[in-house]
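Here is a short tour for someone who likes the cut-offs spelled out. Please have a look at the model first, and then let us walk through it together.

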Amino acid sequence: QTDMTETNMENYSSSIVQGKRAIRSINEKKYKINLALLGIYIKDDVIFYRFRIRNQSNINYDIDFVKFYIRDKAKIKRTASQELEVKPINVYGNDKVVKGKSETDIVYALEKFTIPESKHLDVEVFELNGGRHFNLMIKNKTIVNAQLLQ
């Protein structure tokens, strides 16, 4: 559990969205939609993940859900894959729809965690009643480089 209030999380998220992009290389682009991780920030026991979804198609992208999982890197046959879902404690921004020809920034606040070398953080974005799904893989070294929020 975190001591941070919802108001504090909203304020930090708001300043994150106004700031510069901190991470360049983590994104997935398909179906004329680009999902990108723009930055990871930490304050006390909360890690903030800033995403941008850019919709270059004419069809609205309705978000069904966004999920965060800690998963094994290697898929080994015959062994049970360990998978742990991490629930956001706060969401800032419109995480329901990205209109055609527009973009939106969403900040997810998660309780602080790090990941063993053999695992990674998977972020899944699913479209409501559609087939445009995205999956970003975030390595532990990216998470431990989170920027400190003042």
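Phe126 is partly exposed, with a relative accessible area of 25%; buried here means under 20% relative accessible area, exposed over 50%, and partly exposed in between, using a 1.4 Å probe and protein chains only. This is a predicted model, where local features need pLDDT of at least 70 and side-chain atom pairs count only at pLDDT 80 or more, while totals for chains, interfaces and linings use all residues. Residues are numbered from 1 along each chain as its sequence is written, and side-chain values use heavy atoms, with hydrogens and water left out.

Phe65 is partly exposed too, at 27%. Phe65 and Phe126 form a stacked aromatic pair, 4.8 Å centre to centre with 20 degrees between the planes. For such pairs, rings of Phe, Tyr and Trp (its six-membered ring) need centres within 6.5 Å; planes under 30 degrees apart are stacked, over 60 edge-to-face, and the rest tilted. Phe65 belongs to strand β4 and Phe126 to strand β9 (residues 119–127), so the pair ties together parts that are 61 residues apart in sequence. Helices (H or I, at least four residues) and strands (E, at least two) are DSSP runs, numbered from the N terminus.

## Other rings and charges

Searching the whole structure gives eight aromatic pairs. One of them joins Tyr12 and Phe48, which are tilted at 55 degrees between the planes and 6.0 Å centre to centre. Tyr12 sits in helix α1 and Phe48 in strand β3, so this pair links parts 36 residues apart in sequence. Tyr12 counts as buried at 18% relative accessibility, and Phe48 does at 0%. Ring pairs also join Tyr49, Phe51, Phe68 and Tyr108 into a cluster.

Charges sit over rings as well, meaning that NZ of Lys or CZ of Arg is within 6 Å of the ring centre and within 35 degrees of the ring normal. Lys67 lies over the face of Phe65, at 4.7 Å from the ring centre, and Lys30 lies over the face of Phe134 at 5.5 Å.

## Helix α1 and its cover

Helix α1 (residues 6–18) has 13 residues and spans 19 Å from its first C-alpha to its last, close to the expected 18 Å; that expectation is 1.5 Å times one less than the number of residues. Its buried residues are Met9, Tyr12, Ser13, Ser14 and Ile16. Their cover includes β2 (33–43), β3, β6 (90–92) and β8 (102–111), judged by contact, or heavy atoms within 4.5 Å.

## Strand β2 and its neighbours

In β2, 11 of its 11 residues are buried. Strands pair if DSSP finds at least two bridges between them. Strand β1 (residues 27–30) runs antiparallel to β2, joined by four bridges, and Glu28 has Leu35 as its bridge partner. Tyr31 takes a positive phi near 55 degrees in that hairpin, which has two residues between the strands.

On to β3: β2 pairs with this strand in the antiparallel sense over 10 bridges, with Arg50 as the bridge partner of Gly39. In the hairpin of β2 and β3, Asp44 takes a positive phi near 55 degrees. Strand β11 (residues 147–148) pairs with β2 in the parallel sense over two bridges, where Gln147 is the partner of Tyr41.

## Ser57 in its loop

Ser57 lies in the loop between β3 (46–55) and β4 (61–72), and is buried at 8% relative accessible area. Residues that Ser57 touches include Tyr31, Gly100 and Arg132, not counting those up to four places away in sequence.
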